[in-house]
Amino acid sequence: MHTLAQLKSGELSQAKRLRITENLTEFPDEIFDLADTLEILDLSNNQLDCLPEDFGRLHQLKILFLTNNQFRQVPNVIADCANLDTISFKSNRISSVPESVFPRNTRWLILTDNQIEKLPDSMGELPRLQKLMLAGNRLTELPSTLANCANLQLMRISANQLPCLPDWLLQMPKLAWLAFAGNPFSGYSDMENAGTHKVSLSDIQLHEQLGQGASGVIYRAEWINQPASLQGSEEQIAVKLFKGHVTSDGYPLDELRACLTAGNHPNLVRMTAHISENDQSGLVLGLIPSTFYNLGLPPSLATCTRDTFAGGFQLTLADITSIAVSVADTLVHLHDKGLCHGDLYAHNILVNPDAAVLLGDFGAASSFLSLPDEHIAAIQRFEMRAYGHLLDDLLSLCSDRTNDLTLFERLSELKNTCAHANIKVSPTFPEIKHQLRIIVSDRQRVTV
Ligand SMILES: Nc1ncnc2c1ncn2[C@@H]1O[C@H](COP(=O)(O)OP(=O)(O)OP(=O)(O)O)[C@@H](O)[C@H]1O
């Protein structure tokens, strides 16, 4: 973080990055002194509602963050920054998005949590567009020109007013991570029927905070009044209390509904009960043992839609195979329940030293139960591509491929089939599970 005083003093000359949060109501003119070097400008959490007419003088600018400001319209002047590829206007008051406002180079566009009803047709003129965040707006339709954005891989359209998934979206050739809950067409069945205990906050004592995600806060907890049918269980518990506000993935309440719909499975965090009070909803979960760690780290600005991994982190072929089987099995379970995960990434998978798997983060999950068959097939195909990318990441971390090149190659082939799933060739998760079983049993036959 920098200060306005540092900027004005000239101390930041030649800076490539600049980040100032000081309740700015006007764009500081001195930023132009950095025009020949500035690549990343983050003026999030200020009070800005416009940019200067000559903004294009920032000719090196690649990344612009204006999250949580007061913009009512995406300013036309950003179109003058030809190198700009990552843009965020998350959590502003934007209702108007002019034609041709985004530079042709745009790759990652964040318009989450605004008041946008309509996007311009020129959105289709962004050939590099890879990640498009539109959750928490008022969209009643999407421009069909988006069909031209053939590189689109991750899309969030949850928490909008869309009446259906458009047909062109089902054909997107690279789409792999889609969230669409919280629209009129994508309902959940009533939570009361989900077969999970409903408890009250007063039944539970909350202890220390264990963590915090975009959608809620997690505490270690203890029963004060344990439901009779759960009594005798020695299981330690955690409670996730959901926040009210829309996240980049959609409504927290839809995450709760997705967790209830998902139910229990050996590779999901155990769900014991739910809390649905007027002003607070939450989940009572099994406490994740401290031996579990995140398999990956979230994407960086550079990787955009692909996870990153700690330097030196490696996996054995045996671990990769075991994780691949567990994740495929979990996806069979979720799809059977009419749920797509929408965010199938290594950073949402916890593993322990024995390669036991817990798939978490249902923030981007969506129910497809009420959709037409061809829509369901497309949604499952997208998730299959995400699974292929996950396998690709895991195989790239392999420490012992030369010990069993045949196994490595068979997993690589499977990965290619999944990552390139298309209308003509698209395996289902039960088929993948079956193929993995054959691969594993062939291997055991060889090694015995
Ligand atoms: N059942 C649990 N037991 C123990 N710790 C937990 C449990 N659930 C979550 N946590 C802790 O809380 C953190 C946040 O969890 P949460 O599921 O809300 O968010 P996330 O999915 O990691 O983040 P985001 O939703 O922002 O992507 C986790 O990284 C973990 O450290």
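Author: Let us start with Phe408, which, once its neighbours within four places in sequence are left aside, is in contact with Leu317, Cys398 and Arg401. Please keep in mind that this is a predicted model.

Reader: Which helix is Phe408 found in?

Author: Phe408 is found in helix α6, which covers residues 405–419.

Reader: Changing topic, how many helices and strands does the protein chain have?

Author: The protein chain has seven helices and 19 strands. Its radius of gyration is 23 Å, close to the 22 Å that the globule rule gives for 448 residues, so the chain is as compact as a globular protein of that length.

Reader: What percentage of the residues count as buried?

Author: Of the 448 residues in the protein chain, 42% count as buried.

Reader: Which domains does the assignment give?

Author: The domain assignment gives domain 1 (1–152), domain 2 (191–286) and domain 3 (293–447).

Reader: How many residues of domain 2 are in contact with domain 3, and what classes are they?

Author: On the domain 2 side, 15 residues are in contact with 17 residues of domain 3. By class, that side of domain 2 has six nonpolar, seven polar and two charged residues. The C-alpha centres of domain 2 and domain 3 lie 26 Å apart.

Terms used: Residues are numbered from 1 along each chain as its sequence is written. This is a predicted model: local features need pLDDT of at least 70, side-chain atom pairs count only at pLDDT 80 or more; totals for chains, interfaces and linings use all residues. Helices (H or I, at least four residues) and strands (E, at least two) are DSSP runs, numbered from the N terminus. Two residues are in contact if their C-beta atoms, placed from the backbone, lie within 7 Å. The radius of gyration is taken over C-alpha atoms; the globule rule is 2.2 Å times the number of residues to the power 0.38. A residue is buried if 20 or more other C-beta atoms lie within 10 Å of its own, exposed if 12 or fewer, and partly exposed in between; C-beta atoms are placed from the backbone. Domain bounds come from an automatic or database domain assignment. Ala, Val, Leu, Ile, Met, Phe, Trp, Tyr, Cys and Pro count as nonpolar, Asp, Glu, Lys and Arg as charged, and the others, Gly among them, as polar.
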